[in-house]
Amino acid sequence: MNIFKSYLITIQKKIRLPIALISTQYSLMLEYRAEIILWAVSGILPLIMLSIWREAEISAKLGLSTEWLNRYFISAFIVRQFTAVWVMVSFEEDNLEGRLSPFLLQPLMPFWRYFSSHIAEQISRLPIVFGMLLVVFIFTPNSIWFPGIDRIILFLISLFLAFCLRFLLHWLFSMVCFWNDRASAIERLLLIPYLFLTGLVAPLETFPEPIRNLALLTPFPYILSFPAKILSGHDVNLINGFMAILFWSILLVTLGYIFWKKGLKHYSGMGA
Amino acid sequence: MDIISVKSLSKNFQIPEKQPGIKGTIQHFFSRKVKNVQAVDQLDFSIGEGEIVGFIGSNGAGKTTTLKMLCGLIKPTSGSINIAGYQPIRRKKNFLRQITLVMGQKQQLIWDLPPMDSLKVNAAVYGIPEQESIRRIKELASMLELGPELTRPVRKLSLGQRMKAELLASLLHRPSVLFLDEPTLGLDINAQIRVRDFLMEYNKQFGATILLTSHYMGDIKKLCKRVLLIHQGKLFYDGLLAKLSDQLSPCRCVKIELVEPRPIESFLEFGDIINYDGQLIKVLIHKSKLAENLSKLLNLFPVKDLEVTDPPIEELIGKLLQEGSFK
């Protein structure tokens, strides 16, 4: 009983910081209710793409049925909602306005503050996304499907990993702020591969094979297409997908750490 | 025992330079010119445990850059810093637990939430047990005369209330070394006094070492026996505030109130007249001639009142910084 109690106390101590960070950020997000609704609504690109692809003749030629497209793009919509990342913009603002300095003086890597603020935003976005899905299913009842418990569990894991992967990618490029004040310009550059290589605008199945194979060598398909296919119930190589996420995550964590250490030596404490 | 030790500390910055106008913009786009600025130049000083030291100098003298190097925010170009056995730039967790940097007008509190939310996060970041953090918040809040303000959004607080809440957030982990950069900037006189009293109390209660920059000499006079005077990145003076006026000026300020008005010409031979309104004269007299000139003044004029003081330190420092050197 005592061992159980001491384990409980240890766990409580370990989770106190993440809970404090996420709950505070969640309170902050609730202050910006309207903004969150707008952000969620702005993520409807996959639904727009769905309507375009349903009408396109090429879908039929490629053997993509309406049901296939419905499931894929609705899943892509869900994935996109929970993999939104804006760390580059926040990091740049904090750097320019001097808010980064107090963070750097605390015994907590600032990475966790930004990470927890994204998690808090996703939690606050949850009811809005459910509401939007409800509307979609009311208007297109034939697109409702149940992928099965096993797929849902795998999807949730892959969704979280996809978010982590995208976050790590953006975090790495945020480090540019240490050398150049305007790193967020890179975010616009990342938008192009994000739109095309993740499968957001077009499923990877529609790409010519060499290009698809090339895309699969980048981290982008695992940010959206991979979890979306798990949820939609389509064929997907789970082992390859999870291994690719693991490989890219290790690489990005390593590079992020190296550039963080190097970047700190260049930090000028601007605005502080 | 010294808790802060700084040796030959220097910092250079490369600042881009751009000429105005289209031509300057195009030139700047294709070939960027940078100027090397020596922000801090060969600083040497040490500070003992529990000392409160004033760090004074004009804008751009290098005070904030030095503070940033001392707390490990920026890397020195050369020289060494040792704070409680740590090299700040390595930013070890145990070092960060011992220090704090408070910058007036810059905040760590979350703008749209009450200070309590930020305090809760700080307590978790520093691993302060929940009950202990509540006790510390109550203790510091009472010292700072903060109450319901802690549960109001930061954006709704006055500047003074915000500054006090900032101090509370910065001191929750009970740092033993405090770097304070203009902590009373923009505050009204009552808030300034409250913050000064609090810092004094904190220093006494916890034996904290404080390095304080301020443009308000009131802060320095009230809190610091010792001052470091910095100008253009170089250390001009390191010693007692009381002796600074001796170093800065060889004169005494003599205030004479006459029974009846006399022309200004009558006083020119005694020294520099800094104030004259016919009956009330303020004159700076060289220390070597003080006794002689005072007896001469008393013999020549019917004097109602006479006062000899050190010249105001603010004026001396201002003059020094304007002239850029000791005379």
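The model is predicted, so local features need pLDDT of at least 70 and side-chain atom pairs count only at pLDDT 80 or more, while totals for chains, interfaces and linings use all residues. Residues are numbered from 1 along each chain as its sequence is written, chains are lettered from A and ligands numbered from 1 in the order in which they are written, and side-chain values use heavy atoms, leaving out hydrogens and water.

Let's start where the chains meet. On chain A, 27 residues are in contact with 34 residues of chain B (contact means heavy atoms within 4.5 Å). Here are some values for that interface.

| Item | Value |
|---|---|
| Area buried between chain A and chain B | about 2,500 Å² |
| Part of that area on carbon and sulfur atoms | 62% |
| Share of chain A's buried area from A:R16, A:L105 and A:P107 | 29% |

Buried area is the accessible area (1.4 Å probe) that two parts lose on being put together, summed over both. Helix α1 of chain A gives the largest share of the side that touches chain B, 9 residues.

Over all chains, though, the structure holds 21 salt bridges (a side-chain nitrogen of Lys or Arg within 4 Å of a carboxyl oxygen of Asp or Glu). One joins B:K234 and B:D41, at 3.1 Å from N to O. Those partners sit 193 residues apart, in strands β9 (residues 234-240) and β2 (residues 33-48) of chain B. Helices (H or I, at least four residues) and strands (E, at least two) are DSSP runs, numbered from the N terminus.
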